[in-house]
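Here are my notes on this model, as numbered points. Please read them with the structure open.

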Amino acid sequence: MTGAGNHVIPNVHFRKVNGMTKGQHYRAYFRTWFDQPAKAKRRSQTRKAKAAKIFPRPVGGLLRPVVHCPTSRYNMKVRLGRGFSLDELKEAGIPVNLAPTIGIAVDWRRKNRNLEGMQANVDRLKLYQSKLVVFPKRAGAKNVKKGDTPKSELKNVAQNTLKEIIPFRSKEKTGPMALAQGMKDFKAFRTMRKARADKKKLGKRMKEEAENKKAE
């Protein structure tokens, strides 16, 4: 601590001295990662234990929609959202109260802004329904309810161990394409510049046209 007055704020780095010793322990402040293989093994065992505990449910958790990131800087990227909107569930024919019970996340506040995004998520729900296997809550024929999978199809059911229940990122990379003559002749900068100018002068031109009509 410094005394009263306008002094330099102390910012000493005593613990960064190379080879600093502390008693019998040499370089006491240097961190090592010798336990990295053991931690990787422990994480793997934890994942397997969790998968066994929640079997036959998917390891990835609830099914979530594909949404675009906010702001103009990131809106070209897609990611998983909080939950499906009410319109998407209605279009897919899934009751809102049933969706959480069969592993579908619901977001009551989310709204659809375009038809393409909504249709993509509806297709995602329908694909999930086609692969869905619903086990009865309890054993016995009396406990089988409407919508449960028949007993004959419940044998040797494999658990979904993917990080995302239905992957949405395409791993296929498109190669180079041949440019058509129309692409080569297109003047992008000139087109954008003309569009900006037309937008800027729209009001002035409309006013001039109105004055010309009155003069006639």
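1. Start with W108, which lies in the loop between helix 3 and helix 4. Helices (H or I, at least four residues) and strands (E, at least two) are DSSP runs, numbered from the N terminus. W108 counts as exposed because its relative accessibility is 57%. The cut-offs are under 20% relative accessible area for buried, over 50% for exposed, and partly exposed in between (1.4 Å probe, protein chains only). Leaving aside neighbours within four places in sequence, W108 is in contact with L86 and V96; contact means heavy atoms within 4.5 Å. G83 is 25 residues from W108 along the chain, and their C-alpha atoms are separated by 8.1 Å.

2. On the basis of the model: it is predicted, local features need pLDDT of at least 70, side-chain atom pairs count only at pLDDT 80 or more, and totals for chains, interfaces and linings use all residues. Residues are numbered from 1 along each chain as its sequence is written, and side-chain values use heavy atoms, with hydrogens and water left out.

3. The overall fold. The protein has 7 helices and 4 strands. Along the sequence the pattern is β-β-α-β-α-β-α-α-α-α-α. Of its 216 residues, 17% count as buried. The accessible surface comes to about 19,500 Å², and carbon and sulfur atoms hold 56% of that. These areas come from the Shrake-Rupley method with a 1.4 Å probe; for residues, only the protein chains shown count as cover. Take contacts between residues at least 6 apart in sequence: 48% of them join residues at least 24 apart.

4. V106 is in the loop between helix 3 and helix 4. Neighbours within four places aside, V106 is in contact with G83, F84, L86, L89, V96, A99 and P100. L62 is 44 residues from V106 in sequence, with 9.5 Å between the C-alpha atoms.

5. R110 also has its place in the loop between helix 3 (86-92) and helix 4. Which side chain does the side chain of R110 meet in a polar contact? The partner is E88, at 3.0 Å. The side chain of R110 also reaches the backbone oxygen of G83, at 3.2 Å. A polar contact is a pair of N or O atoms within 3.5 Å; within protein, one must be able to donate a hydrogen and the other to accept it, and residues adjacent in sequence count only if both atoms are side-chain atoms. Not counting residues up to four places away in sequence, R110 touches P65, V67, G83, F84, S85, E88 and N121.

6. The second largest pocket has R110 among the residues nearest its centre, with V66, V67, H68 and K111. A pocket here is an open set of points on a 1 Å grid over the protein atoms alone, where a 1.4 Å probe fits, with protein on both sides within 12 Å along at least five of seven lines; lining residues have an atom within 4 Å of a point. The volume is about 540 Å³, and 19 residues form the lining. By class, these are 5 nonpolar, 6 polar and 8 charged. Strand 3 (66-68), strand 4 (78-80) and helix 4 (115-131) each give two or more residues to the lining. Helix 4 has the largest share, with 5 residues.

7. The largest pocket holds about 1,300 Å³ of space. Its lining has 36 residues, and I102, L132, V133, V134 and F135 lie nearest the centre. The lining divides into 20 nonpolar, 9 polar and 7 charged residues.

8. T149 is in the loop between helix 4 and helix 5 (181-185). T149 counts as buried because its relative accessibility is 10%. A polar atom of the T149 side chain lies 2.8 Å from the backbone nitrogen of V134. Beyond four places in sequence, T149 is in contact with L132, V133, V134 and L154.

9. Most residues other than glycine have a negative phi, and most peptide bonds are trans. The bond from F55 to P56 is cis, with omega near 5°; P56 is in the loop between helix 1 (36-54) and strand 3. T71, in helix 2 (residues 71-74), has a positive phi near 70°. N156, in the loop between helix 4 and helix 5, has a positive phi of about 55°. T71 is exposed at 54% relative accessible area, and N156 is exposed at 82% relative accessibility.

Methods:
Grid points are joined across faces, edges and corners, and a volume is the space filled by probe spheres set on the points. Ala, Val, Leu, Ile, Met, Phe, Trp, Tyr, Cys and Pro count as nonpolar, Asp, Glu, Lys and Arg as charged, and the others, Gly among them, as polar.
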